[in-house]
Amino acid sequence: MKRSSGVCALLVSAAVVSCVSETTFAQPAPMHNRKVSQIAVVPSDPGPRGDAFFDVWVVVEIAADGHSAPVDLSFELDAFVNGIPVATVGEQVIVTGAGGGCGDSGCGSGCGTASLGGGALVVSMICAPDLPCVPFNDCDCSCQMPPISLPIPLPQPLRPKDYLEILLRPSPGALPETNPSDDSLDLTHNGKPSFWNRKIESVELTPAPTGPNRFDVKVTWGFAANSLPAPASLGTQIAVERNGVEVVCIDTCGGWIQAPGGEECMFCDGTPCGPGAESGCGNLPTSCQLVEDAFGDFHCGCGTDSLCDVIPDIEVLPLDTVEIILKPIPGALPELPGFPEDDEEEASRCPWDLDGDGQVGAGDLAALIGFWTQCGVPADFFDDCVGADDLAELIGRWGPCP
Ligand SMILES: [Ca+2]
Ligand SMILES: [Ca+2]
Ligand SMILES: [Ca+2]
Ligand SMILES: [Ca+2]
């Protein structure tokens with residue numbers, strides 16, 4: 001499916017499912033692999049002196065399958081700047097139950113567990129697609145841990161043109177690597193952040209045809225990535241929470257989006273950049289976007305802000321709070337520190353439409369009269385109990401909801 005840039009076309013709506021399912025398959029041959037999948041150079045807190053500084057984060061992916069006994073896949077990362085070793089960090093990883101197997105069509109199902117940090121954290125392994133693959137339906141998948149992101153404590157800030165290398169090696173006593181070809185990654189710092197980001201642009205509730213108090217939730221969102229040394233797996237889920245409880249979660253674009261890596265935007269002016277992102281809903285055209293970090297600074301990223309998903313038929317009562325949350329699909333890159341604040345947005349229904357039919361009209365007037373003098377009820381628009389001010393407000397809003 002080709003989409004024109006700048007047009008907010010509907011991508012996914014029909015398949016509303018829980019985002020994780022459980023299936024088991026025949027036991028495959030044992031395999032394991034650790035991989036340095038990405039390096040990010042992200043803005044950090046400028047601090048009281050206002051010094052701009054970058055933090056380096058490295059993402060490691062681990063796959064394991066067909067092991068009937070626990071396997072030790074602990075690793076260490078050595079960081080070099082301009083060829084000089086500057087830091088070593090590690091993580092203890094024991095895969096405790098990855099005997100399940102994924103087969104060729106079990107992407108999305110659970111396949112075992114792993115423990116990190118000596119059991120401090122136990123995570124579920126999931127059958128995630130081996131990207132890139134087109135068409136998506138034919139993807140092979142392997143049993144993977146959620147990506148691990150580790151901060152690299154550099155002794156001094158990166159300077160422009162610094163050459164950063166990350167090398168992964170098995171920890172002493174851990175299982176050796178069978179595929180060392182993906183155990184290193186490097187990046188030349190260009191003085192700007194190397195990052196990815198997902199963000200919500202807007203959220204809209206529109207009355208659903210199924211009845212009162214039912215709404216379709218339209219989410220406009222996007223992603224951007226810039227100056228990354230490797231392809232970026234940006235698969236995204238959208239969850240809807242009602243009063244703090246998740247009611248639905250969808251996989252967007254059939255579960256995968258992959259930006260090719262290496263895209264660079266010098267200006268945030270909407271000009272096309274890169275070859276676009278491959279995804280389960282076709283090639284997504286990308287252009288240079290403005291991206292704000294958590295500290296209020298702006299950066300340029302190559303991405304799109306025009307993806308739309310409609311999650312149909314959600315019940316929303318007048319005083320409900322609805323929160324829309326973007327999440328990485330298991331197996332996709334986690335959000336980076338420095339770019340987390342645009343992943344959640346509250347949606348509210350039109351407050352004067354008390355009966356939830358999309359109009360402010362006679363039904364709402366009748367409802368308001370029914371609430372007369374009551375406090376803390378839907379018609380109490382000013383938190384001072386229902387009275388003449390609320391009546392005037394409702395009549396002033398008469399007609400279609402804005
Ligand atoms: Ca490897
Ligand atoms: Ca974000
Ligand atoms: Ca109404
Ligand atoms: Ca009032």
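Predicted model: local features only at pLDDT ≥ 70, side-chain atom pairs only at ≥ 80, totals over all residues.
Me: Which residues coordinate the calcium ion (ligand 3)?
Reply: Residues are numbered from 1 along each chain as its sequence is written, chains are lettered from A and ligands numbered from 1 in the order in which they are written, and side-chain values use heavy atoms, leaving out hydrogens and water. Donors are N, O and S atoms within 2.8 Å of the metal (3.2 Å for Na, K and Ca), and sites may look incomplete because water is not among the atoms. At 2.2 to 2.5 Å, the ion is held by Asp353, Asp355, Asp357, Gln359 and Asp364.

Me: Is Asn226 buried or exposed?
Reply: Buried means under 20% relative accessible area, exposed over 50%, and partly exposed in between (1.4 Å probe, protein chains only). Asn226 has 4% relative accessibility, so Asn226 counts as buried.

Me: How many disulfides does a search of the whole structure find?
Reply: A disulfide is a covalent bond between the sulfur atoms of two cysteines. Here, a pair of cysteine sulfur atoms within 2.5 Å counts. One of them joins Cys265 to Cys288, S to S 2.0 Å. The search finds seven.

Me: What is the handedness of the disulfide of Cys273 and Cys302?
Reply: Their sulfur atoms are 2.1 Å apart. Because the torsion about the S-S bond is about 105 degrees, the disulfide is right-handed.
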